[in-house]
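Please look over the structure below before reading on.

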Amino acid sequence: MWPSSAQSGVPVAEFEVIDSLDDALRACEHLAAGTGPVAVDVERASGFRYSQRAYLIQVFRHDGGLYLFDPPAVGDFSGLQAAIGDEEWVFHAASQDLPSLHELGLRPPLIFDTELASRLLGKERVGLGAVVEDTLGITLAKAHSAADWSTRPLPEAWLEYAALDVDHLLDVRDILAAQLEQQGKTEIAYQEFEAVRLREPKPPREDPWRKLSGLHTVRGRKNLAVARALWQAREALAQTEDTAPGRLLPDRSIIAAVRAEPDSREALGAMKDFNGRASRTQLPRWWAAIRDGRASTDLPPERIRSDALPPVRAWIDRNPAADARLKRAKPAVEAVATELAMPMENLLTPELLRRTAWAPPESVDAASIGHTLEALGARPWQIEATAQVIAEAFVASLQEPEEAAEAGS
């Protein structure tokens, strides 16, 4: 066990670092014998490593202990799943941690998300430190939140910081659960928690290289082919070396090389804006990618088809009826959010409202609007709270188009 005195000045309960399968199985026995929900947190190294894999998993349960599992060292987490797989898992921002846990075969049957609960309660600050301070009056230091958690051995101060992330989480959960009950939002919260728990990962983009920052400044299909080739070369190296791509060669360096159109490897290496850890050590790789891109006959289109809606500012010209509907509906939904004391985006995301306004059902009534929202992914409580007011707003936009057009969006 590690000593219970954190360098931040906030006492931390005793914890144990688990870095072998035998120790993991022993820790799982203790966790299985604990009582109540289980606090879980994950530390990654996404800013340093290629993947989103977990490099530390913190687990705490009353009467079961606090353990910091080292995933690369432990390897097999079936024992942990068996030990706590029937309990509620408590997270702060579960959507960030669940994908990494899924990679290890760890899947909770039920979750409580203290960040999401705080949003639904209308709290202004929802970071873990702010929520702990607001509920328990304890101030947590966040000095190591951006650390490289793939470092081994992990410094003691980092371990203490990681332990604090779950040490108080169960107490926070109980206070927030009581507040949700007081505001009549318990069912709302668990619908939102379940939506997060069951959310499938987004399918990979067909052209992921188009995420390059600054790509909009590149003109011409041949130059786009060069950008694609450089991105692919960087991606292959990053995966091989398990390093975050941007640390090897920043996006801005790729864009600078494409726009500069160097005529030789030496000219590429002489570019001031072509920098990054591997910009010079891998210069032959980058120059080969540029040459491959220039020689490619499979030229990417300058624009790709997308189901994204036009910018709202263009609606009045491209779809005046939709513009009028949105201008009526948005303040109506905002009023409901205010009444429920929660941010509008938690009541109904702007994207769902925009899509419903852009392509409403043929019959503009609460039931039809509800079916449209459901098809877009809205939860039952969201539909119950907003379908009627959206239907009324859409009808009003037909009855008073001039007033609707003048109203602020």
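Axes here are lines fitted to C-alpha atoms, for helices over the stretch in contact, and angles run from 0 to 180 degrees between N-to-C directions. Helices (H or I, at least four residues) and strands (E, at least two) are DSSP runs, numbered from the N terminus. This is a predicted model, in which local features need pLDDT of at least 70 and side-chain atom pairs count only at pLDDT 80 or more, while totals for chains, interfaces and linings use all residues. Residues are numbered from 1 along each chain as its sequence is written, and side-chain values use heavy atoms, with hydrogens and water left out.

Two packed helices are described by the angle between their axes and the distance between the axes. For helix 8 and helix 9, the axes come within 7 Å and cross at roughly 125°. The two helices are therefore oblique to each other; angles under 35 degrees count as roughly parallel, over 145 as roughly antiparallel, 65 to 115 as roughly perpendicular and the rest as oblique. Contact means heavy atoms within 4.5 Å, and on this basis Arg-173, Ala-177, Leu-180 and Glu-181 of helix 8 meet Thr-186, Ala-189 and Tyr-190 of helix 9. By class, this contact of helix 8 with helix 9 has four nonpolar, one polar and two charged residues. Ala, Val, Leu, Ile, Met, Phe, Trp, Tyr, Cys and Pro count as nonpolar, Asp, Glu, Lys and Arg as charged, and the others, Gly among them, as polar.

Buried means under 20% relative accessible area, exposed over 50%, and partly exposed in between (1.4 Å probe, protein chains only). The buried residues of helix 9 include Ile-188, Gln-191, Glu-192 and Phe-193. Among the elements that cover the buried residues of helix 9 are helix 4 (94–103), helix 5 (114–120) and helix 17 (344–347). Helix 17 contains Asn-346, which counts as buried because its relative accessibility is 9%. Leaving aside residues up to four places away in sequence, Asn-346 touches Leu-116, Arg-119, Leu-120, Glu-192, Trp-381 and Gln-382.

Elsewhere, eight of the nine residues of strand 3 (residues 54–62) are buried, so this strand is largely enclosed by the rest of the structure. Two strands pair if DSSP finds at least two bridges between them. Strand 3 pairs with strand 2 (residues 35–44) in the antiparallel sense over seven bridges, and Val-40 stands opposite Val-59 in strand 3. Strand 3 and strand 4 (residues 65–69) run antiparallel and are joined by five bridges. The hairpin of strand 3 and strand 4 has two residues between the strands, and there Asp-63 takes a positive phi near 65°.
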